[in-house]
Amino acid sequence: MEKKLEVKNLQISFRTQGGILKAVRNISFDLYKGETFAIVGESGSGKSVSTSAIPALLPSNAKVSGEIYYDNVNLTELSYKDIREYRGKKIGMIFQEPSRSFDPLQNMASVFYETIKNSNPKISKAEALKIAEELLEETGITNAKERLSNFPHQFSGGQLQRISIALSLAQGCELLIADEPTTALDVTIQKQIVQLLKKLQQEKNLSIIFISHNIDLVAEISDNIIVMYGGLIMEKGETKSVLENPQHPY
């Protein structure tokens, strides 16, 4: 299998008023093309911080050491301008509360046009909205053409999460980081989002990092898993093996 992402000896700390906070302590893992990889842990375990380092989305008080290779390119050595070429276009992210990702004054047509134009500056608005319509339908938004005129408050949380996924696909991302994407949703919608991610992963050969504390969802979606606590990896391996026959007490 083709290796898509390689994280080597990643360490992340933050400068705070109380001193240096070590959030991630020397972790390593690999992600392959077409694989769904889960990171599991309780709040504060370092799972979200670890993945935010991949597209360099950490705050200015963060210090990152180690290596992060995406398609054999060390992202930690890139300039701010160069890493921006990876955000969205190659590495997409969806978050826990999708409503926070949208401007309440922008309708979806405007959001999609700006997003698609970012990776394809010469595209016309009509062409961009046609792509948007197809992606919305693909991610389960009915009456997609009409709904492009709607604003964020006119969608449910589950629908906004589907739109977030569609926006990641709009720029052609190959790696999708899903950071607690179902936590703010009810159980039925959680299952639907997981099924959608599985469907898209298979159809588009996406690589997915799925971050969660929900063991049931992780068991359903992921091929391999790491379990984190206190910034450390407690255990890693094939998902079924780790969950059914754990080797670490945690």
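Student: Leaving aside its neighbours within four places in sequence, which residues is T115 in contact with?
Tutor: This is a predicted model, in which local features need pLDDT of at least 70 and side-chain atom pairs count only at pLDDT 80 or more, while totals for chains, interfaces and linings use all residues. Residues are numbered from 1 along each chain as its sequence is written, and side-chain values use heavy atoms, with hydrogens and water left out. Contact means heavy atoms within 4.5 Å. With neighbours within four places in sequence set aside, the contacts of T115 are L167 and Q171.

Student: Is T115 buried or exposed?
Tutor: T115 lies in helix α3, where helices (H or I, at least four residues) and strands (E, at least two) are DSSP runs, numbered from the N terminus. Buried means under 20% relative accessible area, exposed over 50% and partly exposed in between, with a 1.4 Å probe and protein chains only. The relative accessible area of T115 is 16%, so T115 counts as buried.

Student: Which residues of α3 are buried, and what arc do they cover?
Tutor: The buried residues of α3 are M108, A109, V111, F112, T115 and I116. They sit on the same side of α3, because the arc they cover around the axis is only 160°. That arc is taken from the directions from the helix axis to the C-beta atoms. The answer is therefore those six names with an arc of 160°.

Student: Which residues are the closest to the centre of the largest pocket?
Tutor: A pocket is an open set of points on a 1 Å grid over the protein atoms alone, where a 1.4 Å probe fits, with protein on both sides within 12 Å along at least five of seven lines; lining residues have an atom within 4 Å of a point. The largest pocket holds about 680 Å³ of space, a volume being the space filled by probe spheres set on the points, which are joined across faces, edges and corners. Its lining has 26 residues, and the closest to the centre are R87, G88, M93, T115 and Q171.

Student: How many residues of each class are in the lining of the largest pocket?
Tutor: β6 (91-94), α3 and α6 each supply at least two residues of this lining. Ala, Val, Leu, Ile, Met, Phe, Trp, Tyr, Cys and Pro count as nonpolar, Asp, Glu, Lys and Arg as charged, and the others, Gly among them, as polar. By these classes, the lining of the largest pocket has ten nonpolar, ten polar and six charged residues.

Student: Which element gives the largest share of the lining of the second largest pocket?
Tutor: The second largest pocket has a volume of about 260 Å³, and its 15 lining residues include A53, A56, V64, L75 and T76, the closest to its centre. Two elements give two or more residues to this lining, namely β4 (62-70) and α2 (80-84). The lining divides into twelve nonpolar, three polar and no charged residues. Its largest share, four residues, comes from β4.

Student: Is E180 buried or exposed?
Tutor: E180 lies in the loop between β7 (175-179) and α7 (187-204). Its phi is near 50°, a positive value in a residue other than glycine. With 8% relative accessibility, E180 counts as buried.

Student: What covers the buried residues of α7?
Tutor: The buried residues of α7 are Q190, I193, V194, L196, L197, L200 and Q201. They cover an arc of only 160° around the axis, which puts them on the same side of α7. The face turned away from that side carries the exposed residues V187, T188 and Q202. The cover of the buried residues includes β3 (36-40), α4, α6, β7, β8 (207-212) and α8 (215-221).
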